[in-house]
Amino acid sequence: MSVRLINVGFGSIVAANRIIAIISPESAPIKRMIQEARDNQRLIDATFGRRTRAVIICDSDHVILAAVQPETVANRLSLKETSHDEDEE
């Protein structure tokens with residue numbers, strides 16, 4: 001079993017099979033989720049001081065902040081899935 005990795009910006013990489021959701025950080029419920037993760041030491045800040053543009057929710061209850069758009073992360077995830085499927089054939 002191979003682990004597929006997704007670049008979430010600025011050299012940070014996340015295991016693709018651990019991602020549950022990729023969302024925008026603009027709404028109040030997401031901001032509360034980020035604060036709760038920070039309080040419980042489950043927050044991973046991969047923005048390197050830049051503005052948070054995507055929030056990645058993992059199956060381990062970790063919350064990852066990324067400085068790239070959610071669409072960019074989703075495109076990278078789907079590109080990896082497509083290339084992975086082609087490799088198996």
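Me: Exposed means over 50% relative accessible area, and buried means under 20%. Why is Gly 49 called exposed?

Reply: The model is a predicted one. In it, Gly 49 has a relative accessible area of 77%. Exposed requires over 50%, so Gly 49 is exposed with its 77%. Gly 49 sits in the loop that links strand 4 to strand 5. Its C-alpha atom is 8.7 Å from that of Ala 67, at 18 residues along the chain.

Me: Why is Ser 12 called buried?

Reply: The relative accessible area of Ser 12 is 15%. The cut-off for buried is under 20%, so Ser 12 counts as buried. Ser 12 belongs to strand 2, residues 12-15. With neighbours within four places in sequence left aside, Ser 12 is in contact with Ile 6, Asn 7, Ala 46 and Phe 48.

Me: What makes Glu 26 partly exposed?

Reply: Glu 26 has 49% relative accessibility. Glu 26 lies in the loop between strand 3 and helix 1. When residues up to four places away in sequence are not counted, Glu 26 touches Lys 31 and Arg 51. The C-alpha atoms of Glu 26 and Arg 53 are 8.5 Å apart, and 27 residues separate the two along the chain.

Me: How do you know that the buried residues of helix 1 are on the same side?

Reply: The buried residues are Ile 30, Ile 34 and Ala 37. They cover an arc of only 65° around the axis, which puts them on the same side of helix 1. An α-helix has 3.6 residues a turn, so residues three or four places apart point the same way. The face turned away from the buried side carries the exposed residues Arg 32 and Asp 39.

Me: Which strands do the buried residues of helix 1 pack against?

Reply: They pack against strand 3, strand 4, strand 5 and strand 6.

Me: What is the span of helix 1 against the expected value?

Reply: Helix 1 takes in residues 28-39, which is 12 residues. It reaches 16 Å from its first C-alpha to its last, close to the 16 Å expected at 1.5 Å a residue. Gln 41 follows helix 1 and has a positive phi, near 55°.

Me: In which sense do strand 5 and strand 6 pair?

Reply: Strand 5 and strand 6 are antiparallel, again over 4 bridges. Ile 57 has Val 63 of strand 6 as its bridge partner. The hairpin of these two strands has 4 residues between the strands, and there Asp 61 takes a positive phi near 70°.

Me: How do you know that both faces of strand 6 are covered?

Reply: Val 63 and Leu 65 on one side are buried, as are Ile 64 and Ala 66 on the other. In a regular strand the side chains alternate between the two faces of the sheet.

Me: Which residues touch the most other members of the largest nonpolar core?

Reply: Of its 14 residues, these are Ile 6, Val 8, Val 14, Ile 56, Ile 64, Ala 66 and Val 73. Strand 1, strand 5, strand 6 and helix 2 each supply at least two residues of this core. Strand 5 gives the largest share, 3 residues. Apart from this core lies another of 7 residues, including Ile 30, Ile 34, Ile 57 and Leu 65.

Conventions
Residues are numbered from 1 along each chain as its sequence is written. This is a predicted model: local features need pLDDT of at least 70, side-chain atom pairs count only at pLDDT 80 or more; totals for chains, interfaces and linings use all residues. Side-chain values use heavy atoms; hydrogens and water are left out. A nonpolar core is a set of buried Ala, Val, Leu, Ile, Met, Phe, Trp, Tyr and Cys residues joined through side-chain atoms within 4.5 Å. Buried means under 20% relative accessible area, exposed over 50%, partly exposed in between (1.4 Å probe, protein chains only). The expected span of a helix is 1.5 Å times one less than its number of residues. The arc is that of the directions from the helix axis to the C-beta atoms. Contact means heavy atoms within 4.5 Å. Two strands pair if DSSP finds at least two bridges between them.
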